[in-house]
Amino acid sequence: MRLKDDFRFILEVGRLSPSSFGFEPWRFVVVQNPELRQKIKDTAWGAYGKLPDASHFVIFLARTRKDTQYDSEYLQDHFKNVKQLPEDFMEKYLGRIEEFQKEDFELLEGDRPLYDWAGKQTYIALSNMMTAAAEIGIDSCPIEGFNMEKMNNLLEEEGLLEDGSFGISVMCAFGYRAQEQPEKSRRSFEDVVKWV
């Protein structure tokens with residue numbers, strides 16, 4: 001029971017994570033199905049060593065341009081029904097998002113920029129989930145070792161991309177540690193932090 005409660009806590013931390021403009025442009029797919037785990041292991045070289053021992057394996061999906069462009073149905077629904085923004089404010093807010101996407105970050109040149117931007121948002125949830133897991137004694141390992149096209153094809157075949165609304169961003173293995181981990185090695189504080 002503890003593992004189930006602990007992992008629910010980790011997922012809730014991800015769900016409550018902040019995102020730019022409050023888009024929540026993600027979905028967390030918890031893969032427990034043994035057949036799908038095997039397919040992922042055979043497709044994603046980075047998952048090969050981690051997936052078999054992970055008690056929980058999460059695929060972080062990012063919403064595509066279809067859902068993240070300023071005038072998308074997803075955003076209209078999200079801001080009206082989830083965020084419950086007043087209609088007059090929502091119109092102004094979406095106008096500001098349009099300006100941000102067109103001019104500030106130039107995200108509307110092709111499909112990839114908005115998808116990549118949404119993918120960056122998934123890393124906020126990923127890092128929060130990994131930190132929360134560490135705080136309760138669960139180890140994690142982020143995984144980018146995969147061919148995006150092959151993984152998206154696999155996930156599409158499994159019906160997980162909702163007809164182009166999502167694409168893979170990153171994956172993460174979670175589990176209680178079986179043995180003590182070595183002390184972390186990192187660059188010095190002075191090298192990483194600069195005060196100006």
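Visitor: Hi! Where does Asn-152 lie?

Guide: Hello! Asn-152 is part of helix 7. Keep in mind that this is a predicted model.

Visitor: Is Asn-152 buried or exposed?

Guide: Asn-152 is buried, because its relative accessible area is 17% and the cut-off for buried is under 20%.

Visitor: What is Asn-152 in contact with, leaving aside its neighbours within four places in sequence?

Guide: With those neighbours set aside, Asn-152 is in contact with Tyr-115, Leu-161, Gly-167 and Ile-168.

Visitor: And which residues of helix 7 are buried?

Guide: Met-151, Asn-152, Leu-154 and Leu-155 are the buried residues of helix 7. Looking down the helix axis, you find them within an arc of 160°, so they line one face of helix 7.

Visitor: Why do residues three or four places apart point the same way in an α-helix?

Guide: An α-helix has 3.6 residues a turn, so residues with that spacing point the same way.

Visitor: Which exposed residues sit on the face of helix 7 turned away from its buried side?

Guide: That face carries Glu-149, Lys-150 and Glu-157, which are exposed.

Visitor: OK, and what covers the buried residues of helix 7?

Guide: The cover includes helix 2, strand 2, helix 6 and strand 4.

Visitor: Let's move to the core. How many residues does the largest nonpolar core have?

Guide: The largest nonpolar core has 24 residues, and those with the most contacts inside it are Ile-40, Phe-57, Ile-59, Met-151, Ile-168 and Met-171. Two or more residues of this core come from each of helix 2 (34–43), strand 2 (56–63), helix 6 (112–135), helix 7 (148–157) and strand 4 (166–176). There is also a second, separate core of 15 residues, including Phe-60, Ala-125, Val-170 and Phe-174.

Visitor: What about Ile-168, which residues is it in contact with beyond four places in sequence?

Guide: Beyond that range, Ile-168 is in contact with Ile-59, Phe-60, Leu-61, Tyr-115, Phe-146, Met-148, Met-151, Asn-152 and Leu-155.

Visitor: Zooming out, how many helices and strands does the protein chain have?

Guide: The protein chain has eight helices and four strands. Starting at the N terminus, the order is α-β-α-β-α-α-α-α-β-α-β-α.

Visitor: How much of the chain is buried?

Guide: Of the 196 residues in the protein chain, 41% are buried.

Visitor: And what share of the contacts with a separation of 6 or more comes from residues 24 or more positions apart?

Guide: Those residues account for 75% of such contacts in the protein chain.

Visitor: Last one: how far apart are the mean positions of the positive and negative charges?

Guide: The mean positions of the 25 positive and 35 negative charges are 4 Å apart.

Note on methods:
Residues numbered from 1 in each chain as written. Predicted model: local features only at pLDDT ≥ 70, side-chain atom pairs only at ≥ 80, totals over all residues. Heavy atoms only, no water. Core = buried A, V, L, I, M, F, W, Y, C linked by side-chain atoms within 4.5 Å. Buried < 20%, exposed > 50% of the residue type's maximum accessible area, 1.4 Å probe, protein only. Contact = heavy atoms within 4.5 Å. Lys, Arg positive; Asp, Glu negative; His and termini not counted. Charge placed at Lys NZ, Arg CZ, Asp CG, Glu CD. Arc of directions from axis to C-beta.
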